[in-house]
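I opened the model to look up its charged pairs and one of its helices. My entries follow.

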Amino acid sequence: MRAVFAALGADVVTAEVRLRGGETAFDARGRIVDPLARQHLDDLLDRLLDASRALGRQGG
């Protein structure tokens, strides 16, 4: 999908977070167990929020 959106002129974020062991990746409360994966997800979400805010300031 990234290639399609990029070809259409969309801003594409290429970073991703992969979780191993889907059935054990989350605790009983639904939180990611692996602290490193959780930090990577937090960092990615921060980047997405920054990009979204920048687009909002540009009117796009």
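I looked up Arg53 and found a salt bridge to Asp50, the closest N and O atoms being 3.7 Å apart. I count a salt bridge when a side-chain nitrogen of Lys or Arg is within 4 Å of a carboxyl oxygen of Asp or Glu. Both residues lie in helix H2, three residues apart, about one turn of the helix. Arg53 is partly exposed at 47% relative accessible area, and Asp50 is partly exposed at 47%. For these labels, buried is under 20%, exposed is over 50% and partly exposed is in between (1.4 Å probe, protein chains only).

This is a predicted model: local features need pLDDT of at least 70, side-chain atom pairs count only at pLDDT 80 or more, and totals for chains, interfaces and linings use all residues. Residues are numbered from 1 along each chain as its sequence is written, and side-chain values use heavy atoms, with hydrogens and water left out.

I searched the whole structure and got three salt bridges. Glu16 pairs with Arg2, closest N and O atoms 3.0 Å apart. Glu16 is in the loop between helix H1 (2–7) and H2 and Arg2 is in H1, so this pair ties together parts 14 residues apart in sequence. Glu16 also pairs with Arg18, at 2.5 Å. Arg18 counts as exposed at 69% relative accessibility.

I then checked H2, residues 35–58. Helices are DSSP runs (H or I, at least four residues), numbered from the N terminus. Its 24 residues should span 34 Å at 1.5 Å a residue, and the end C-alpha atoms are 35 Å apart, which agrees. The expected span is 1.5 Å times one less than the number of residues.

Conventions:
Helices (H or I, at least four residues) and strands (E, at least two) are DSSP runs, numbered from the N terminus.
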